[in-house]
Amino acid sequence: LTAPPAGTAPRRVLTVAGSDSGGGAGIQADLRTFALLGVHGCVAVTAVTVQNSVGVSDVQEIAPPIVAAQIDSVTSDIGVQAVKTGMLASAPIIHAVAAAFDAAGIGGDGLPLVVDPVCASMHGDALLAADARSTLVEVLFPRATLVTPNLDEVRLLTGIDVVDEVTQQAAARELHRLGARWALIKGGHLRTSDRSPDLLYDGKQFHRFDGPRMDTPHDHGAGDTLAAAAAAALAHGHSLPEAVAFAKEWVTRALAAAYPLGAGHGPVSPLW
Ligand code: PLP
């Protein structure tokens, strides 16, 4: 994915997500990946998290109308070619985001929408209210071009415990049934082998993306980074399976180059 000639506008991607004060995940991770992949990143902040390598100690949600207004402001002037959602915090924010997406032609048959269904941090801190999980599924999945849950998110959102290839396929079918055009079930947390088998499904065909399982405690922001890379690739005009293949490689490299920071879990590397 290359940058445009000097002086011309690059492709733009909007991330609708939370801020991580530690700079590892959320908006900060998204913007690093966007910049490195030659797209201009725009932002609708949903929440400010008070966070470091040890965990999230507080969250300030942004008022839903202000979240929606950020989306309106960016799309009505700057324009974007793809959109990604991360931490959405609450049901009222999800409803506001969905209405803003509909007004801007984002998701569904419109602009590609990557939904990373963030529920909790790696430390177990809630990033989405428990009573908003069904809202995320009912309101956002039918608009999503791609959903990218990890196995914990699959369990929280569908009740399916993925333990092998058969249950991974069942989870992909269920997410597609719930409205996502494409479902990517990430296998990085499947501790059955030294591989990280991701499974992509569009209701017709299964696509497998195999990679090594990267055994590092420094994997903060890995999910955000994969979804951001997929959104950047879609903005560049790649097909969905190409975008997922690219994103898988991108996050594998970012995990390989991850570094320690603070007393807890360090972030995946921005690949400088
Ligand atoms: N903080 C914010 C704002 C996030 O958006 C996310 C993930 O999407 C996280 C933290 C959690 O990242 P991790 O699961 O890598 O700790």
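Why does Asp 215 count as exposed? The model shown in these views is predicted.

**View 1. Asp 215 lies in the loop between strand E9 and helix H7.** Asp 215 counts as exposed because it has 9 C-beta neighbours inside 10 Å, and a residue is called exposed if 12 or fewer other C-beta atoms lie within that distance. Strand E9 covers residues 206-209. Leu 255 is 40 residues away from Asp 215 along the chain. The C-alpha atoms of Asp 215 and Leu 255 are separated by 8.5 Å.

**View 2. Nine strands form an open sheet with mixed pairing.** The order of the strands is E3-E2-E1-E4-E5-E6-E7-E8-E9. E3 and E9 each have a single partner strand, so one side of each has no neighbour in the sheet. These two strands therefore stand at the edges.

**View 3. E1 pairs with E2 in the parallel sense over nine bridges.** Val 13 has Gly 41 in E2 as its bridge partner. Between these two strands the chain passes through helix H1, residues 26-36.

**View 4. E2 and E3 run antiparallel and are joined by five bridges.** Strand E3 consists of residues 56-61. One of its residues, Asp 58, is the bridge partner of Val 50. The hairpin made by E2 and E3 has four residues between the strands. In this hairpin, Gly 55 takes a positive phi near 160 degrees.

**View 5. A shell of 18 residues is found around the ligand.** Those that come nearest are Gly 18, Ala 25, Gly 26, Met 87 and Met 122. Strand E1 (12-20), strand E2 (40-51) and helix H7 are the elements that give two or more residues to the shell. Sorted by class, the shell has nine polar, seven nonpolar and two charged residues.

**View 6. The largest nonpolar core has 87 residues.** Helix H7, residues 222-235, gives the largest share of this core, eleven residues. The members that touch the most others are Val 97, Ala 229, Ala 230 and Ala 231. What is Ala 229 in contact with, leaving aside its neighbours within four places in sequence? The residues in question are Thr 33, Leu 37, Phe 246, Ala 247, Trp 250 and Val 251.

**View 7. Glu 153 is a buried residue in helix H5.** Helix H5 spans residues 151-158. Glu 153 counts as buried because 24 other C-beta atoms lie within 10 Å, where 20 or more are required. Leaving aside neighbours within four places in sequence, Glu 153 is in contact with Pro 117 and Cys 119. Pro 117 is 36 residues from Glu 153 along the chain, and the C-alpha atoms of the pair are separated by 6.9 Å.

**View 8. Ala 89 lies in the loop between E4 and helix H3.** Helix H3 is formed by residues 91-104. Ala 89 has a positive phi of about 70 degrees, although it is not a glycine. Most residues other than glycine have a negative phi. Is Ala 89 buried or exposed? Ala 89 is buried, with 24 other C-beta atoms within 10 Å.

Note on methods: Residues are numbered from 1 along each chain as its sequence is written. This is a predicted model: local features need pLDDT of at least 70, side-chain atom pairs count only at pLDDT 80 or more; totals for chains, interfaces and linings use all residues. A nonpolar core is a set of buried Ala, Val, Leu, Ile, Met, Phe, Trp, Tyr and Cys residues joined through C-beta atoms within 7 Å. Two residues are in contact if their C-beta atoms, placed from the backbone, lie within 7 Å. A residue is near a molecule or strand if its C-beta atom, placed from the backbone, lies within 6 Å of it. Ala, Val, Leu, Ile, Met, Phe, Trp, Tyr, Cys and Pro count as nonpolar, Asp, Glu, Lys and Arg as charged, and the others, Gly among them, as polar. Two strands pair if DSSP finds at least two bridges between them. A crossover is right-handed if, with the strands pointing away from the viewer, the path from the first strand over the helix to the second runs clockwise.
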